[in-house]
Amino acid sequence: MHQQTDALSTLSAPRLDISGRIVDVGPQSFRVAGLSPFVRLGDCISCPGEDRDELGEVVRIDADSLTVKPYTTRFNRGVGSPAIKVGPFSITPDASWRGRVLDAFCRPQDDKGPVRQGEAIRPVDAQPLSALKRARLSEGVPTGVSVVDIFTPLVKGQRIGVFAGSGVGKSTLMGMLSQSKGFDTVIVALVGERGREVREFLEEVMAGQLDKVVTIVATGDESPMMRRLAPRTATAVAEHFRDRGDDVLLIVDSVTRYAHAARDVALSAGEPPVSRGYPPSIFSELPQLLERAGTGIEGSGTITGIYAVLVDGDDHNDPIADAIRGTLDGHIVLDREIAEQGRFPAVDYLKSISRLAEKAWHGSERELVTRLRAMTSRFEDTRDLRLLGGYQRGSDQTLDQAVDLVPHIYDFLTQRPGEGWHEKPFDALSAALKQAMTPKPEPAKK
């Protein structure tokens, strides 16, 4: 009996005695004859070897052969090698997974030994819950990040995107959001990250709460199949904790790299590119992934999803960014110019929105935010005019107020990781503005 590898042991479906033969091997995929009538898209194919089994996924089915995309970066089987149908990929999450770092196959990447397998089988490609079976969203959750809690407040079960170019601070912001005290479990999917950044993210950004974090990692050097699998695995783990009653925070950094990996897979399957190199299936895969987050059925927990969206060349109208923005319940936009001014988090709250903010604001907070946005907009629109000396105090009372207050608002919203937690951010902002505008007594003359 051939010994199964760790990857195969994570497949809960039994191995069936149905096999074919490899008839063609390419740099990105291989083809198998003899299995077409017995498999479905998404099934796994195992190719036995002397050292270990090679595992791939069926991405296209023709009448006489299959196209299979391997999970490894280098496929080491030749023409004529056997290929065995395994079945769809499933996992068996367990509560003991909190505090662990796993790969997309849920194999341990830390030095804490093997992971315990749970009892419930979770398909990685589960369908989202029916819309009418979901509980309604109602409870706001403070994050401790003042600019978010004031201008784009979150609600448990919400899905929001953090849109930013490279190097603007989205990973740091997401780490700050993960420090919220309103979640029982945090699931982090690091997709396509640099290898050195994984440990930095865990030991610095997530410091102090790793005991409630499950981390799924697929670094940039891994195959597109592993990078495509990691967010789906993380979502399946989040669904497990949600169904047991936890309020879960799901962080995917980044969903753009998931789309890049899915594009690679779709092109290998023969799909034509239709929009900036992206094939049509990408725009149906993204909603299927994102819609799995949210509230569960009545009486269960929630999955609050925060998805990093890397906008290529700071183009926020990129097809992927635009498709994601239309699916989510809000977006937080990070601006490079704000980062260059030294204001972090570099959130442009004039362009950011939470579609569920009404459920989190209380009393007159909505009217106050509207006034703050209008004041900031007036301040920014007249920046060039003021720099050229075309502004005179007293000619426009609204602009006078904006010039007096907006710089202090910016100072208050500037926040570093681990500092500035406000249980009542609106009260703290009001107090900061009153203190800033209080005339300081002149020093006594000698």
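This is a predicted model: local features need pLDDT of at least 70, side-chain atom pairs count only at pLDDT 80 or more; totals for chains, interfaces and linings use all residues.
Colleague: Which residues make up domain 2 and domain 3 in the domain assignment of the chain?

Modeller: The assignment also gives a domain 1, at 19-88. For the two asked about, the bounds are 91-359 for domain 2 and 364-437 for domain 3.

Colleague: How many residues does the contact take from domain 2 and from domain 3?

Modeller: The C-alpha centres of domain 2 and domain 3 lie 31 Å apart. Their contact takes 22 residues from domain 2 and 21 residues from domain 3.

Colleague: What area is buried between domain 2 and domain 3?

Modeller: The size of an interface is often given as the accessible area lost when the parts come together. Here carbon and sulfur atoms give 61% of that area, and the total is about 2,000 Å².

Colleague: Which three residues supply 29% of the area that domain 2 buries against domain 3?

Modeller: No other three residues of domain 2 supply more of this area. They are Ile150, Phe151 and Tyr349.

Colleague: How far apart are the closest N and O atoms of Glu358 and Arg366?

Modeller: The count between domain 2 and domain 3 is two salt bridges. Glu358 forms a salt bridge with Arg366 because their closest N and O atoms fall within the 4 Å limit. The distance is 2.6 Å.

Colleague: Which helix gives the most residues to the side of domain 2 that touches domain 3?

Modeller: Two elements give two or more residues to that side, helix 2 (146-151) and helix 3 (170-177). With five residues, the one that gives the most is helix 2.

Methods:
Residues are numbered from 1 along each chain as its sequence is written. Side-chain values use heavy atoms; hydrogens and water are left out. Domain bounds come from an automatic or database domain assignment. Contact means heavy atoms within 4.5 Å. Buried area is the accessible area (1.4 Å probe) that two parts lose on being put together, summed over both. A salt bridge is a side-chain nitrogen of Lys or Arg within 4 Å of a carboxyl oxygen of Asp or Glu. Helices (H or I, at least four residues) and strands (E, at least two) are DSSP runs, numbered from the N terminus.
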